[in-house]
Amino acid sequence: MALKSKHLLGLEGVTREEITEILDTAATFKEILQRPIPKVPTLRGKTVVNLFYEDSTRTRISFELAEKRLSADTVNFSASGSSVKKGESLRDTVRNIAAMKIDMVIVRHRSAGVPLFLTKCIDASVINAGDGMHEHPTQALLDMMTLREKYGTLDGLKVAIIGDISHSRVAGSNMRGLKTMGAEVLVCGPQTLMPRDIETFGVGVCHSVDEAIGWADALNVLRIQLERQDAGLFPSLREYHNEYGITRRRLEKAGRDLTVMHPGPINRGVELENDLADSEFSVILDQVTNGVAVRMAVLYLLSGAEEAVS
Ligand code: CP
């Protein structure tokens, strides 16, 4: 089955069948990644441009590796060091790149809606690698893959998303994807970091992290964007940690198996106690590993290639 759109702009409107297809395909690619030569010719002859207007470590390297594992030709673009610095517009930049005959564009940008805008400028498939506070669909897909590996299904799974829900594209995509897949979702954080229209997502809301821990099977802990403190949305990082930080003591008080996830980069000692990311609760590096397989699956399913593996 192919996906119904040739773009992946977000998980809004992506069906349960399509998400299942992506996760199943990612599981196949994950097996290939264990082989001595972890490479297949699936995207041979296709050219993919990684267009990053904003910093990234995991998403950028993961997409690049996924493209190379699928034998695509890849080109990396960073706004710094490009003619964007001379004032070239986004539309002109991307139309010039497209004129060099490309098949797919991976885009990260600080403004919500840029991936959708690009679909109106060029014919290539566009994949959103994070747009402002809107969506980060491949992050949510790799989060769901990690949860599905551990629990076997997302149906009925209780996932608490903790932290800055309002400014987080990871939260946006996770809420949409998890609800589509039948999970129960609770968001937890200070009122000042909660979207005004949160009820439209069909998720529970709470402001006590102990309550969230007492309810959940898995916690997806969001990065506190340090610039939010300057905006006065919470009193200090220390107070945030005291009220909402995930600590071993809090997890052990729950007295059962709990999974701790984080999209990275982590502020150790703020949203997560210093060594918790490296503890038995954490699947954070599994998330990173699964990111390559999920991105291979998305690239393959949007490419129109005949077979995933020959
Ligand atoms: N999770 C994530 O998007 O990380 P990067 O910003 O490093 O890509």
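Student: How many nonpolar, polar and charged residues does the shell around the ligand have?

Tutor: Ala, Val, Leu, Ile, Met, Phe, Trp, Tyr, Cys and Pro count as nonpolar, Asp, Glu, Lys and Arg as charged, and the others, Gly among them, as polar. Here the shell has one nonpolar, six polar and two charged residues. Keep in mind that this is a predicted model, where local features need pLDDT of at least 70, side-chain atom pairs count only at pLDDT 80 or more, and totals for chains, interfaces and linings use all residues. Residues are numbered from 1 along each chain as its sequence is written, and side-chain values use heavy atoms, with hydrogens and water left out.

Student: Which residues are around the ligand?

Tutor: A residue is near a molecule if one of its heavy atoms lies within 4 Å of it. In this model they are Ser56, Thr57, Arg58, Thr59, Arg108, His136, Gln139, Pro263 and Gly264.

Student: Which polar atoms lie by an oxygen atom of the ligand?

Tutor: A polar contact is a pair of N or O atoms within 3.5 Å. A polar side-chain atom of Ser56 is 2.6 Å from a ligand oxygen, and one of His136 is 2.9 Å from a ligand oxygen. On the backbone, a polar atom of Gly264 is 3.5 Å from a nitrogen atom of the ligand. The protein covers 91% of the 250 Å² of accessible area that the ligand has on its own (Shrake-Rupley method, 1.4 Å probe).

Student: What joins Gly264 and Pro265?

Tutor: A cis peptide bond, with omega about -5°. Pro265 lies in the loop between β9 (259-261) and α11 (284-303). Helices (H or I, at least four residues) and strands (E, at least two) are DSSP runs, numbered from the N terminus.

Student: How many helices and strands does the protein have?

Tutor: There are 11 helices and nine strands. Along its principal axes, the C-alpha trace spans about 55 × 45 × 35 Å.

Conventions
Polar contact = N/O pair within 3.5 Å; in protein donor to acceptor, adjacent residues only side chain to side chain.
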